[in-house]
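Biologist: Hi! Could you walk me through this structure in plain words?
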Amino acid sequence: MAAERRKQIEGAIAALGSLKGAVPGEQSRILDEVVALLASLDGELTSLSAKLRWHASAPFRSKKDEAPEGQLAFELLRMLTGRLGQEAVEDAPASEPAAKDDDGAAKDDAPCGGGSRPGRGRRGRGLRRKVDEVKLADAEVPTCPCCTKPLGEMGFDTRKRFVYQPADVYLLEERIYKYGCRCGEVVVTAEPTEPPKPIPGGMASSSLLAQLAIGKVLDGNPVERFAKQLGRQDIDLSPSTLNDWFGRTGDMFAVMRRACHRQLLTCDLISLDDTPVRARNTDHPANVQTGRQWLYLGDLHQIAYAEFTPDWKGTHPQRVLEGARGDIQNDGYAGINPLFVGPDAPQRIGCNDHARRRFVQALEQGDRRAQLMIDLYRALYHVERTATERHLDAPGRRALRQAESVPLWRELERVIIDFTPKVDKKSPLGKAIYYWTRQQATLRAFLDDGRFPISNAHVERLLRVVATFRKNSLFVGSLDAGERYANLLTILLNCELAGVNPYVYLVDVIDKIAGDWPADRAAELLPRAWLAARQAEQQPPGQAAVVAVT
């Protein structure tokens, strides 16, 4: 059948091609379009035939080369939508030319067209720029062979590249002169221009401590590796000294972490998750015990609070969340169940990422029945993506969910109910269904309130820095070191949430703490408040600073 269809298309192309020269005017143009259309369809059918043959050979391929379920339908849909998209682009008006600098070159901050991220600026638009002008010397400028006049400048070509220079580390020696009388009665000392030392008696500056903290906490760079990097610049600092400096830096931010906790308790929604982190403990039979690094986020992205605990007992999150006024989102962790008992208990919201992940694991282990649940979850997440792209507020998101997500959720319930008596409870799919059924009330809570996210993924994404740290550093030095790590993790994650450069922030705040910043004003140094004050200082005189602090 496919071969006959191919012959028909080839015959149509040949027949129309022969008529082309005999038909004048407008009809010739129409025939040209028909010929081009049939030729493109022929090429697409050839590609589709190859994909069909590839799918038909599935029994003879290894499992890792098998296509996902529904891949062929996706290829057909992609072909049709691609054709519709081409037609829309042809009908759309021509786009504006790219903005240009004074020298005629395209601006680096102009959005890149045709990329997968619309409106994304060009790389390096905020970097310091060094311009080298390559010109001929006056004596080397050739003359025109026609008029014998020297050639004049008519423009230039540009070549750009990223240049990396290693960090500049040097020893700052501040000599503070003293003045006195020979009689010994009066002695005057000059005022130091540099801030006090962050670590009394140490030689570490705020900039070095900031780089050490960011490298270990956010980048997962072990202290031993940082010591080797400094050694390549002739700076001999032992890992034990750097570990001591890291711990003292963590102690500086203990008061600020408590300020983050106080702000967390005032949020309307608190999301939490945890991940294992090993800690060295000489009292443990194995010398190392597995603790937990907890992360709490208030109102999605407003405030972060991290805490290290020596075990996974529920008393730890219960203590942190005691007195919280908002609702709580978490997976099915039973340790926080006592928080939801009583007349004034908060509402519990589940994590659909955890539920969906179990169906994915069942599919990966060969149970293709889980594909139905995964497809329905894909449709649910598509609704969430649509709401995000439209920038809907909480009421608008709820209205969209009621219109599109609720029917999908009812279908998901029907499918799971139908499969429940047919699936072995001990199988991967059975365990996934059991988890979903047991958590159903909390999993569907997002449908009725637009403030609630569909999953706890926003917490899990921030916990990736802990996973990188765990992989590279293996463990923290002690249980107390885990607390110091949590202090810095809290502050640096709040920098990410507030869009603050962590290096600039830490250098400034460490100097202020070393200068005896009052402990009762610690909230003023939190990243969002620090950024608001910084922006207010940079406002020109006579203009009001408009900053949002939440």
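Biologist: What kind of model is it, and how are residues numbered?
Modeller: This is a predicted model, where local features need pLDDT of at least 70, side-chain atom pairs count only at pLDDT 80 or more, and totals for chains, interfaces and linings use all residues. Residues are numbered from 1 along each chain as its sequence is written, and side-chain values use heavy atoms, with hydrogens and water left out.

Biologist: How do α9 and α10 pack?
Modeller: Helix α9 (residues 352-364) and helix α10 (residues 370-389) pack at an angle of about 145°, and their axes are 9 Å apart. Helices here are DSSP runs (H or I, at least four residues), numbered from the N terminus. The axes are lines fitted to C-alpha atoms over the stretch in contact, with angles from 0 to 180 degrees between N-to-C directions.

Biologist: Which residues of α9 and α10 make the contact?
Modeller: Contact means heavy atoms within 4.5 Å. On the α9 side, Asn-352, Asp-353, Ala-355, Arg-356, Phe-359, Val-360, Ala-362 and Leu-363 take part, and α10 brings Ala-370, Gln-371, Met-373, Ile-374, Tyr-377 and Tyr-381. By class, that contact of α9 with α10 has ten nonpolar, two polar and two charged residues. Ala, Val, Leu, Ile, Met, Phe, Trp, Tyr, Cys and Pro count as nonpolar, Asp, Glu, Lys and Arg as charged, and the others, Gly among them, as polar.

Biologist: How are the rings of Tyr-377 and Tyr-381 placed?
Modeller: Rings of Phe, Tyr and Trp (its six-membered ring) pair if their centres lie within 6.5 Å; planes under 30 degrees apart count as stacked, over 60 as edge-to-face and the rest as tilted. By this rule there are eight aromatic pairs. Tyr-377 and Tyr-381 have ring centres 6.4 Å apart and planes at 45°, so this pair is tilted. The two are four residues apart in helix α10, so about one helical turn separates them.

Biologist: New topic! How many cavities of 30 Å³ or more are there?
Modeller: The structure holds one, and about 30 Å³ of space lies in the largest cavity. On a 1 Å grid over the protein atoms alone, a cavity is a set of points where a 1.4 Å probe fits but cannot get out, and a pocket is an open set with protein on both sides within 12 Å along at least five of seven lines; lining residues have an atom within 4 Å of a point. Grid points are joined across faces, edges and corners, and a volume is the space filled by probe spheres set on the points.

Biologist: What lines the largest cavity?
Modeller: Its lining is Gln-211, Leu-212, Gly-215, Lys-216, Asn-221, Pro-222, Val-223 and Phe-226. The largest share, four residues, comes from α4.

Biologist: And what about the second largest pocket?
Modeller: That pocket has about 1500 Å³ of space. It is lined by 40 residues, and the closest to its centre are Val-169, Tyr-170, Ser-205, Ser-207 and Leu-208. Here α4 gives the most to the lining, with five residues.
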